[in-house]
Amino acid sequence: MSNVTASWRRRRQQARTRRALAAALARSSSPAMRDELLTLANSTPLR
């Protein structure tokens with residue numbers, strides 16, 4: 001059962017991370033900030 005729970009928690013964390021990134025991109029004040037956020041997001045793999 002712990003594998004199921006761990007898998008569910010991992011998927012929920014990934015979803016939260018994606019939503020936070022989407023919100024940050026929507027609030028970005030400039031194209032440079034958007035590029036920086038995308039660079040950081042792509043350099044850190046979702047686990």
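The protein exposes about 4100 Å², and carbon and sulfur atoms supply 56% of that area; accessible areas come from the Shrake-Rupley method with a 1.4 Å probe, and for residues only the protein chains shown count as cover. This is a predicted model, in which local features need pLDDT of at least 70, side-chain atom pairs count only at pLDDT 80 or more, and totals for chains, interfaces and linings use all residues. Residues are numbered from 1 along each chain as its sequence is written, and side-chain values use heavy atoms, with hydrogens and water left out.

**Exercise 1.** Describe the secondary structure and extent of the protein.

Solution. Step one: the protein has two helices and zero strands, where helices (H or I, at least four residues) and strands (E, at least two) are DSSP runs numbered from the N terminus. Step two: along the principal axes, the C-alpha atoms fill a box of roughly 45 × 20 × 5 Å. Step three: 9% of the 47 residues count as buried, that is, under 20% relative accessible area, with exposed over 50% and partly exposed in between (1.4 Å probe, protein chains only).

**Exercise 2.** Determine how helices α1 and α2 pack.

Solution. Step one: α1 (residues 2-27) and α2 (residues 31-43) pack at an angle of about 165°, with their axes 9 Å apart. Axes are lines fitted to C-alpha atoms, for helices over the stretch in contact, and angles run from 0 to 180 degrees between N-to-C directions. Step two: α1 is therefore roughly antiparallel to α2, a term for angles over 145 degrees. Step three: Leu21, Ala24 and Leu25 of α1 meet Arg34, Leu37, Leu38 and Ala41 of α2, where contact means heavy atoms within 4.5 Å.

Note on methods:
Angles under 35 degrees count as roughly parallel, over 145 as roughly antiparallel, 65 to 115 as roughly perpendicular and the rest as oblique.
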